[in-house]
Amino acid sequence: MLTDTHAHLYLEHFENDIETVIQNAKNNSIGKVYLPNIDNSTIEKMLYLESIDQDFFRSMIGLHPGSVNENFRAELDTMQSMIDNHRFCGIGETGTDLYWDRTFINEQIEAFETQIDWAQKYQLPVIIHARDSMDLTIDIVKNKQDGSLKGIFHCFSGNIEQAKKIIDLGFYLGIGGVLTYKNNELAVIVKELPLDYFVLETDAPYLTPVPFRGKRNESSYLKYVAQKMSEIKKLQVDELENITSKNAENIFSF
Ligand SMILES: [Zn+2]
């Protein structure tokens, strides 16, 4: 069975055919889908999706760096008040993003550190987003790592030195559709490093793998990422599925 460790299937992209998307995923041996939150506007939709199929979906709670603005403290307070009332599988997605907008970088860092504190307090994995900010994000995690923190650098987009630093911090690398794109450094990193440090993800509806690149992504397309990774690692696909799903189990306790 495959585990999609990162998909936003609760977004409006799926509102007309979510049942088909779920069925496609199950037909393509996806056993579980982890749902990272984005901000306060997505929590209800995410929890509703989880309630439809509680064996299949797992929800996280967190504030995406792209949604951090001057109101982030109030938004975080609302989220934290929910942690005791719902069984979330992780904190995320959180992190830093300097690609679109650097206006709220200090707020992004504070929001990220607060969410790392939650991960430590509630003993949950933290799911990290870093875009154009890999070294900064790694440094923040390094300063907070007291041996208790674990999680995923989702949709890893750094170089091999950064990948090694992340592994040394006890974190995993989330690998998705980008692996199937031509001329990417990720294939070299996947080849170079042991499979023990990788988990698979779609980031659906984004980052669709070849052969559907440019279209909406969905969890069933994870098989194309798994196929590509098994070619790179020279392994049978089912062997790769087992190892990466086991890695996911090491991160998430349920
Ligand atoms: Zn995401």
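Helix axes here are lines fitted to C-alpha atoms over the stretch in contact, and angles run from 0 to 180 degrees between N-to-C directions. Helices (H or I, at least four residues) and strands (E, at least two) are DSSP runs, numbered from the N terminus. This is a predicted model: local features need pLDDT of at least 70, side-chain atom pairs count only at pLDDT 80 or more, and totals for chains, interfaces and linings use all residues. Residues are numbered from 1 along each chain as its sequence is written.

**View 1. Helix H8 crossing helix H9.** The axes of H8 (residues 222-233) and H9 (residues 237-251) come within 9 Å and cross at roughly 105°. That makes the two helices roughly perpendicular (65 to 115 degrees). Ala226, Gln227, Met229, Ser230 and Lys233 of H8 meet Val237, Leu240 and Glu241 of H9, a contact being C-beta atoms, placed from the backbone, within 7 Å.

**View 2. The two sides of helix H1.** In H1 (residues 18-27), Val21, Ile22 and Ala25 are buried, meaning 20 or more other C-beta atoms lie within 10 Å of a residue's own, with C-beta atoms placed from the backbone. Looking down the H1 axis, these buried residues fall within an arc of 100° (taken from the directions from the axis to the C-beta atoms), so they line one face. Over on the other side, Glu19, Thr20, Gln23 and Asn27 are exposed, the cut-off being 12 or fewer. Just past H1, Ser29 has a positive phi of about 55°.

**View 3. Strand S2 and its neighbours.** S2 (30-35) is part of what covers the buried residues of H1. S2 itself is mostly covered, with 5 of its 6 residues buried. Strand S1 (residues 2-4) runs parallel to S2, joined by 3 bridges; pairing takes at least two DSSP bridges. Asp4 has Val33 of S2 as its bridge partner.

Definitions and conventions
Contact = placed C-beta atoms within 7 Å. Parallel < 35°, antiparallel > 145°, perpendicular 65-115°, else oblique.
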